Amino acid sequence: MSSQIDHLLDEDRRFAPDPAFAANAVAKPELYERAKADREGFWAEQSRELLDWSTPFTQVLDWSNPPFAKWFADGALNVAYNCLDRHVEAGHGDRVALYFEGEPGDSRAVTYAELTDEVKRLANVLTEMGVGEGDRVALYLPMIPEAVASMLAVARIGAVHSVVFGGFSADSLRSRIDDAGAKLVITADGGWRKGKVSPLKPAVDQALEDRGGLGPQATVEKVLVVRRGDNEVDWIEGRDVWYHDVVPQASAEHEAQAFPAESPLFILYTSGTTGKPKGILHTSGGYLTQAAFTHRNVFDLHPENDVYWCTADIGWITGHSYVVYGPLANGATQVLYEGTPEFPEPGRWWDVIEKYKVTIFYTAPTAIRGFMKQGRQIPQARDLSSLRLLGSVGEPINPEAWMWYREVIGAGKTPVVDTWWQTETGAIMVSALPGITETKPGSAQVPLPGIAVDVVDEKGEPVGQGGGGLLVITEPWPSMLRGIWGDPDRFVETYWKMFQDKGYYFAGDGARLDEDGDIWLLGRVDDVMNVSGHRLSTAEIESALVAHDATAEAAVVGASDETTGQAVVAFVILKESFLREHSAEGLANDLRAWVGAQIGPIARPRDVYIVGELPKTRSGKIMRRLLRDVAEGREVGDTTTLADTAVMSVISAQVR
Ligand code: WTA
């Protein structure tokens with residue numbers, strides 16, 4: 001079977017950088033030249049410039065045992081020192097690190113000096129509790145300053161954190177605690193979500209329940225509990241400790257010790273489409289280098305003036321790299337918001353932007369399409385004029401959603417950067433650089449300086465400009481995953497086996513190169529459809545559907561079909577403004593014809609279902625596998641990783 005993916009959708013809108021923006025931009029075109037001339041030398045320079053090394057490194061990349069990379073291996077640094085103390089020492093102690101906005105409306109500004117102080121106390125507490133270098137600590141927390149402090153305190157003492165998203169169940173938490181062999185859990189009584197306290201501690205209690213001497217009982221010694229929701233909790237004497245009983249009392253004297261660059265920094269579990277979650281392992285020096293470099297250059301960070309806001313939860317990689325490590329290493333001021341976009345009303349995020357005069361905003365296409373569904377009158381009722389840069393991550397952003405983002409949120413003038421990367425890559429790999437790149441709606445565009453990617457066929461041969469195929473990373477990069485926790489074979493098998501002889505990393509995404517060499521992400525390869533021998537991407541057909549005035553969001557899947565092998569089946573959410581003025585009757589036919597006209601008859605959906613919701617993971621990615629089950633009339637498969645498990649029964653009923 002060919003891995004070529006046919007390309008059908010054309011997009012010719014272009015936005016050249018504004019000269020005034022370019023004149024002040026952090027990223028300069030020389031970055032590309034420098035990296036091209038000497039890739040490793042470039043990363044070494046960036047690392048020395050962006051970070052403070054206690055022991056300077058002399059080695060850059062060690063790739064003698066691929067795919068197990070080492071970066072800056074003979075250097076030593078302390079990650080938390082780089083994110084905190086050095087800014088205070090440089091005289092920026094009074095700069096706000098976090099503008100915390102709680103969902104109920106409580107707020108608190110935490111300066112670099114205060115955050116450093118908190119992390120030092122907490123580091124002393126953790127040491128006191130017996131946590132040391134290399135020990136694993138599980139974090140199960142809401143989006144509160146203590147969560148950021150916990151990650152940094154664990155890093156400060158050379159231990160390894162494993163953050164588990166607060167929306168995961170006790171079972172998921174248990175399997176992650178078990179797999180990592182965590183010694184300590186840091187949690188909270190609960191966190192605010194949609195006007196209620198969503199409990200966390202009970203799930204920890206359940207995850208740690210005795211199972212006949214097996215499992216986490218054996219490893220978890222203590223549970224440190226932050227009070228946030230003020231709700232009742234069960235208490236196990238000797239195991240459970242209130243954060244407020246120990247941290248404020250602890251000494252704020254704590255000298256950060258340096259650890260080797262390849263010391264593990266964190267494990268983050270990612271579920272993938274099937275099988276048991278993979279514990280993606282990241283280490284210290286290379287990871288922090290690329291997180292800081294990308295945060296500074298892709299977001300054009302001017303730390304003395306900007307107010308940055310990334311809406312990701314710390315339970316995801318985006319929260320690790322672009323809420324905690326990148327921004328704090330760069331001394332940024334940022335917003336940390338606890339709750340959901342729609343509480344107490346749909347405009348809450350825009351209120352936050354107005355309140356803190358946010359200048360740089362980074363979110364996901366799923367959120368943007370959700371706002372498109374509600375209508376532009378909601379953001380337009382707020383003052384968003386402080387914004388000067390917008391970013392997107394997590395899924396392909398359809399050109400129409402990109403345009404809406406730029407026009408409605410960015411007043412038609414802010415650059416929009418679509419950033420492609422993965423939990424495994426640790427930091428952004430493909431993106432426009434603001435002030436340099438002429439942007440194109442819907443395209444992630446170009447590899448960053450120092451990053452080498454290509455689009456290849458199944459033999460690893462480049463498809464060339466105009467071709468579609470598989471996205472690969474052809475050279476090691478500083479923030480690359482160092483393995484899967486406890487499972488080196490699975491690491492090799494999952495990412496490196498496919499192009500073993502070339503030594504390429506296979507990302508699992510389909511992509512195409514346009515005539516200018518810009519990269520367009522086409523969706524996960526597992527989701528590609530084969531219609532009458534043509535391989536069609538989910539992203540392109542979904543983008544065509546979203547380009548119709550009535551559509552807010554769409555998901556397409558290939559369902560088996562007697563004549564064409566697979567047929568395109570579309571699930572579509574309509575905009576509220578459209579529904580106010582029209583009925584959905586007859587729209588399915590219009591949409592089929594629309595897709596046929598936009599990208600050709602081959603892509604015309606066989607069926608179009610108008611639905612109220614789409615099945616999404618907790619990080620907002622559409623789970624097409626479940627829609628395929630519905631489209632093929634099968635019983636719907638495992639829904640446990642869905643954000644809302646009820647969605648599939650509603651959709652099944654609508655389709656029937
Ligand atoms: C998808 C999130 C298109 C892709 C940082 C990737 C994207 C997976 C983009 C990783 C983008 C992420 N355009 N697709 N800009 N960004 N993806 O591990 O399929 O949660 O492989 O990391 O999200 O998701 P993860």
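Visitor: Where is the place of Pro344?

Guide: Pro344 sits in the loop between strand S17 (333–337) and helix H13 (348–356). Those labels are DSSP runs numbered from the N terminus: H or I over at least four residues for helices, E over at least two for strands. A word on the basis: this is a predicted model, in which local features need pLDDT of at least 70 and side-chain atom pairs count only at pLDDT 80 or more, while totals for chains, interfaces and linings use all residues. Residues are numbered from 1 along each chain as its sequence is written, and side-chain values use heavy atoms, with hydrogens and water left out.

Visitor: What is omega for the cis peptide bond that joins Phe343 and Pro344?

Guide: Omega is about -5 degrees there. A cis peptide bond also joins Pro66 and Pro67, with omega about 5 degrees; Pro67 belongs to the loop between strand S1 (61–62) and strand S2 (70–71).

Visitor: Why is H2 called oblique to H3?

Guide: Helix H2 (residues 30–37) and helix H3 (residues 39–50) pack at about 125 degrees, with axes 5 Å apart. The axes are lines fitted to C-alpha atoms over the stretch in contact, and angles run from 0 to 180 degrees between N-to-C directions. Under 35 degrees is roughly parallel, over 145 roughly antiparallel, 65 to 115 roughly perpendicular, and the rest oblique. The angle therefore makes H2 oblique to H3.

Visitor: Which residues make the contact?

Guide: With contact taken as heavy atoms within 4.5 Å, H2 brings Leu31, Arg34, Ala35 and Ala37, and H3 brings Arg39, Gly41, Phe42, Glu45 and Gln46.

Visitor: How many residues surround the ligand, and which are the closest?

Guide: There are 16, and the closest are Asp418, Thr419, Gln422, Thr423 and Asp509. A residue is near a molecule if one of its heavy atoms lies within 4 Å of it.
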